[in-house]
Amino acid sequence: MKYLKQITLILAISFVGEMLKEFLPLPIPASIYGMVLLFFGLETGLIRLSSVEETAQYLIEIMPLLFIPAGVGLLDSWGVLYPILWKIAVIIVVSTILVMAVSGRVTQRMLRRGHGRHNS
Amino acid sequence: MNDILLNSLFFGVMVSFVVYEIGMFARKKCGFAILNPLLFSIVVLILLLAVFDIDYETYNAGAKYLSYFLTPATVCLAVPLYEQFELLKKNVWAIMAGIVSGVLTSVVCVLVLSVLLGLSHKEYVTLLPKSITTAIGMGVSQELGGVVTITVAVIIITGVFGNIVAEFICKFFKIEEPIARGIAIGSSAHAVGTAKAMELGEIEGAMSSLSIAVSGLLTVLAASVFARFF
């Protein structure tokens, strides 16, 4: 019964997220509403961790797999991508690496500065 | 081939799982970090479909049930976030500074490169939301007058690319703190990157999940401002 309850709760939260997306005029997808709802549910104690834990763990574990169909779908967008392919490739490679490096370095510098102050 | 498989609901799902497992096995055997199971699966499946002349629709008739679980799986990212909330609160300024710098780097970078490479305004706004989660990115692209199909493709390629290079980039730029690694991966490669961050550790995964939501929302604002610059 444990898994039945857990998946029911997760699907219910996804559904509420979908409804919020439907009724609120913001560019926020159902999944983000759902994530925020579940987070506040857990934080306020309305939802106990044990009532979602194992199923959440399972879904997170298989998450990379869930992106495969979208990736294979690139096959169908080939026609529109092809004409500007190399420009897109340059932008993706350069900006992804830069964003990763900058956000990581900035976070780390702030963390370590804060840490140093804390110790002194 | 198509006719028989078109009636199968389990073909797409089954073959995706099997190919992914093979990818996991191959990575374990040769120990190459470069052999990314997600990229491996996508490439092998595209080749399989091409060789056996199977339509994407035929494959997707079953495989769409995998995509279906993306929303519930993303909702579940709240769990690691909840478990690491104390750590988040303690380091809230560092985390926010990291995410904001990531969002700004992304839009500035796309702006500069679009000018340099001579892209049109339409192509520029199509690429602006490339680092954020598909569902938000599609909305941004549509709002600004971009080509949504290209945006989706670029977002997925960005995620897969980020997923593959994450470990290497963190090592190269000496990003060692688990919090900083999570923020770096989530800000640059959204949910696909987060799948990798989850493999690296619980803290990385939680911080990456947080970045998806926060950087996604900040990009909505940043992109609408930056769309006017070019």
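Helices here are DSSP runs of H or I at least four residues long, numbered from the N terminus. With that in mind, welcome to a set of close-up views of a predicted model.

**View 1. Thr194(B) sits in helix α12 of chain B.** This helix covers residues 178-200. Thr194(B) is buried, because its relative accessibility is 0% and the cut-off for buried is under 20%. Follow the side chain of Thr194(B) and you will come to the backbone oxygen of His190(B), at 2.9 Å.

**View 2. Glu199(B) and Lys196(B) pair up within helix α12 of chain B.** The two residues are 3 apart along this helix, which is about one turn. Their side chains form a salt bridge, and the closest N and O atoms are 3.6 Å apart. How exposed or buried are the two partners? Glu199(B) has a relative accessible area of 43% and so counts as partly exposed, whereas Lys196(B), with 3%, is buried. The pair also belongs to a network, in which salt bridges with shared partners join Arg27(B), Glu167(B), Lys196(B) and Glu199(B).

**View 3. Arg112(A) forms a salt bridge with Glu176(B).** Over all chains, the structure holds 8 salt bridges. In this one, 3.1 Å separates the closest N and O atoms of Glu176(B) and Arg112(A). Which elements do the two residues come from? Arg112(A) belongs to helix α7 of chain A, while Glu176(B) is in the loop between α11 (148-172) and α12 of chain B, so the contact joins two chains. Glu176(B) has a relative accessibility of 48% and therefore counts as partly exposed. Arg112(A) is partly exposed too, at 38%.

**View 4. Arg112(A) also forms a salt bridge with Glu177(B).** Here the closest N and O atoms lie 2.9 Å apart. This pair crosses between chains, running from helix α7 of chain A, where Arg112(A) lies, to Glu177(B) in the loop between α11 and α12 of chain B. Glu177(B) is partly exposed, with a relative accessible area of 25%.

**View 5. A patch of positive charge on the surface brings together residues of chains A and B.** Its members are Arg105(A), Arg109(A), Arg113(A) and Lys174(B). For one of them, Arg105(A), look along helix α7 of chain A, which covers residues 85-119. Arg105(A) counts as partly exposed because its relative accessibility is 36%.

View 6. Where in chain B can you find Asp55(B)? Look in the loop between α3 (37-51) and α4 (56-68). The relative accessibility of Asp55(B) is 40%, so this residue counts as partly exposed.

**View 7. Thr55(A) and Gln6(A) meet through their side chains.** Their polar contact has a distance of 2.6 Å. To find Thr55(A), go to helix α3 of chain A, which is made of residues 53-61. Is Thr55(A) buried or exposed? It is buried, because its relative accessibility is 7% and the limit is under 20%.

**View 8. Phe11(B) is in helix α2 of chain B.** The helix runs over residues 11-30. Phe11(B) has a relative accessible area of 15% and so is buried. How far from Phe11(B) is Thr58(B), 47 residues apart along the chain? Their C-alpha atoms are separated by 8.8 Å.

**View 9. Ser211(B) is in helix α13 of chain B.** You can trace this helix over residues 202-226. Ser211(B) is buried, because its relative accessible area is 0%. Also in view is Ala184(B): although 27 residues separate it from Ser211(B) in sequence, the two C-alpha atoms are 8.4 Å apart in space.

Technical notes
Residues numbered from 1 in each chain as written. Chains lettered and ligands numbered in written order. Predicted model: local features only at pLDDT ≥ 70, side-chain atom pairs only at ≥ 80, totals over all residues. Heavy atoms only, no water. Buried < 20%, exposed > 50% of the residue type's maximum accessible area, 1.4 Å probe, protein only. Polar contact = N/O pair within 3.5 Å; in protein donor to acceptor, adjacent residues only side chain to side chain. Patch = residues over 30% accessible without salt bridge, like charges linked within 9 Å, V, L, I, M, F, W, Y side chains within 5 Å. Areas by Shrake-Rupley, 256 points an atom, 1.4 Å probe, with all protein chains shown as cover. Salt bridge = Lys/Arg side-chain N within 4 Å of Asp/Glu carboxyl O. Lys, Arg positive; Asp, Glu negative; His and termini not counted. Charge placed at Lys NZ, Arg CZ, Asp CG, Glu CD.
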